[in-house]
Structures are given as structure tokens and as C-alpha cells.
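Let's walk through this model together, stopping at a few residues, pairs and patches along the way. Have the viewer open and follow along.

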Amino acid sequence: MRKKYWIFGVFILLAILQIAVSASRIRKWEDVLRTGTQLRLRTEPVDPYDAFRGRYVALDFEEEIVSAKLGPDLKWGDEVYALLREDEEGFARIEKLVKVRPAGGSYLRVKVSYIGIDSSGDDEKIHLLFPFQRFYLEEEIAPAAEKAYRTSNSEDERDAYVTIRIKNGYGVLEGLFIEGKPIVEFLRAEEAKGEDG
């Protein structure tokens, strides 16, 4: 009989531990969203065959490929900190890549996924992996969102971007924007245009 109580006690303890770990992670991301610094990142066109899976939009970013001059002595797999600054249009740009956590300022923890020469053969590039690659949506609007994102992010248009919140190196996606409007608002406006036309 004691063995049953002991097993039950261990089970309860493990359940409480699992809930505590999950709650801690949720609290950390919610804190970043609530109190973190907001930045905008330009997105890049994505292969249409891999642009949308299930209920999320797959994202690529301009700043995921930078000159190797911004982070000398880095190698594949390194976890580094990208020091960010806002350009004249208000978009985040990587100023430098460092291995040691900065004491302050805006920075994001990223991973080096590849280092190689760019297609022009002139400059060595560092390919980075950002901690966010998917923007989740409600299932009902997902197909329209995928189409709008792909269209607005073509080589000609390039007017899609995301807002992120960063704090202490952690980053959380906040919103996806097309033509300066949140994706849901943009889709409503497009639907209204279609009904009027």
C-alpha cells in the first residue's frame, strides 16, 4: 500500500514540476511582449511551395544574411548576439555580431547557420537563424494571408514586415504587417475592395 502512495506522490511532484516549467516559459515570453523594445524587421520573399504550412506563415528576413565583417571569427553553429540599430526608415539593422552578451542596448540572440561567399563572389556572408520563423494565424484566414503575404513580398513590392519585441536577447514576434496595416486589417480592407468592385 505504501508503494502506491509513493508512486502517486512522485507522479504529483512531476506534474507540478512540469506545470511550473511551462508557466515559467510562458511568463518569460509574456514579459518580453509586455516590456521589451519594439523593432520592425523587413521580410524577404519565400519559396511559394514552403510559404505556408498549416496555420502559420513561414518568414525569412533581410537581416538573416549579413557581411562576415560584422562578426569576424565566427563559425557554423555559434550562438551570438546581434547588436541592432534602427535605420532611417525605422527598420532594425544588424550593426555587429558578438559572442559575449552585451551589457545594454537592443540585441537579439541568434545562431550562425552558414558562412560562405555570396552569389556575386565578392563578399563572405554570414547566414543567421532568428529565433522566430513562423507567424501563426487563425485557420479561417490562413489561405488569404498566405496569398497576400506572398504577393506583397515579391521582388517588386517588398512592403511586408513584422514587429518584434526584444528584451535581454530574447525576441518574440508581435505582428505581421502588409502596406503598413496589421495582416487581419489588410485582409478586411482587401475583402471590402472586392465587394465594392
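Is Ala 145 buried or exposed? Ala 145 is buried, because its relative accessible area is 0%; buried means under 20% relative accessible area, exposed means over 50%, and partly exposed lies in between (1.4 Å probe, protein chains only). Before going on, please keep in mind that this is a predicted model, in which local features need pLDDT of at least 70 and side-chain atom pairs count only at pLDDT 80 or more, while totals for chains, interfaces and linings use all residues. Residues are numbered from 1 along each chain as its sequence is written, and side-chain values use heavy atoms, with hydrogens and water left out.

Back to Ala 145, which sits in helix H2 (residues 142-152). Helices here are DSSP runs of H or I with at least four residues, strands are runs of E with at least two, and both are numbered from the N terminus. The C-alpha atom of Ala 145 is 7.9 Å from that of Val 57, although 88 residues separate the two along the chain. Gly 36 counts as buried because its relative accessibility is 6%.

Now for the aromatic rings. A pair of aromatic rings is described by the distance of the centres and the angle of the planes. Rings of Phe, Tyr and Trp (its six-membered ring) pair if their centres lie within 6.5 Å; planes under 30 degrees apart count as stacked, over 60 as edge-to-face, and the rest as tilted. This rule gives 6 aromatic pairs. One of them joins Phe 61 and Phe 130, which are stacked at 5.4 Å centre to centre with 20 degrees between the planes. The pair links distant parts of the chain, 69 residues apart: Phe 61 is in the loop between strand E3 (56-58) and strand E4 (65-67), and Phe 130 is in the loop between strand E8 (124-129) and strand E9 (134-136). Phe 61 and Phe 130 are both buried. Tyr 81 and Tyr 107 form another pair, this one edge-to-face, with 5.8 Å between centres and 80 degrees between planes. Here too distant parts of the chain are linked, since Tyr 81 is in strand E5 (residues 79-86) and Tyr 107 in strand E7 (residues 107-117), 26 residues apart. Both Tyr 81 and Tyr 107 are buried. Ring pairs also gather Phe 61, Phe 130 and Phe 132 into a cluster.

What about charges? Side chains of opposite charge can pair when their charged atoms come close. A salt bridge is a side-chain nitrogen of Lys or Arg within 4 Å of a carboxyl oxygen of Asp or Glu, and the whole structure holds 8 salt bridges. Follow Asp 31 and you will meet two partners. With Arg 34 the N to O distance is 3.9 Å; both residues lie in helix H1, 3 residues apart, about one turn of the helix. With Lys 167 the closest N and O atoms are 2.8 Å apart. This bridge links distant parts of the chain, from helix H1 to strand E10 (residues 160-167), across 136 residues. Asp 31 is partly exposed because its relative accessible area is 23%, and Lys 167 is partly exposed at 26%. Arg 34 is exposed, with 58%. Elsewhere, Glu 174 bridges to Arg 165, with 3.0 Å between the closest N and O atoms. Glu 174 is partly exposed, with a relative accessible area of 32%. Salt bridges with shared partners also join Glu 62, Glu 63, Asp 87 and Arg 93 into one network.

Finally, look at the surface. Patches are made of residues with over 30% relative accessible area and no salt bridge, joining nonpolar side chains (Val, Leu, Ile, Met, Phe, Trp, Tyr) within 5 Å and like charges within 9 Å. Accessible areas come from the Shrake-Rupley method with a 1.4 Å probe, and for residues only the protein chains shown count as cover. Trp 6, Ile 7, Val 10, Leu 14, Leu 17 and Val 21 make up a nonpolar surface patch with about 600 Å² of accessible area together. Leu 17, in helix H1, counts as exposed because its relative accessibility is 52%. Arg 25, Lys 28, Arg 101 and Arg 109 form a positive surface patch; Lys and Arg count as positive and Asp and Glu as negative, with His and the chain ends not counted. The place of a charge is taken as NZ of Lys, CZ of Arg, CG of Asp or CD of Glu. Lys 28 belongs to helix H1 (residues 2-35) and counts as partly exposed because its relative accessibility is 33%.
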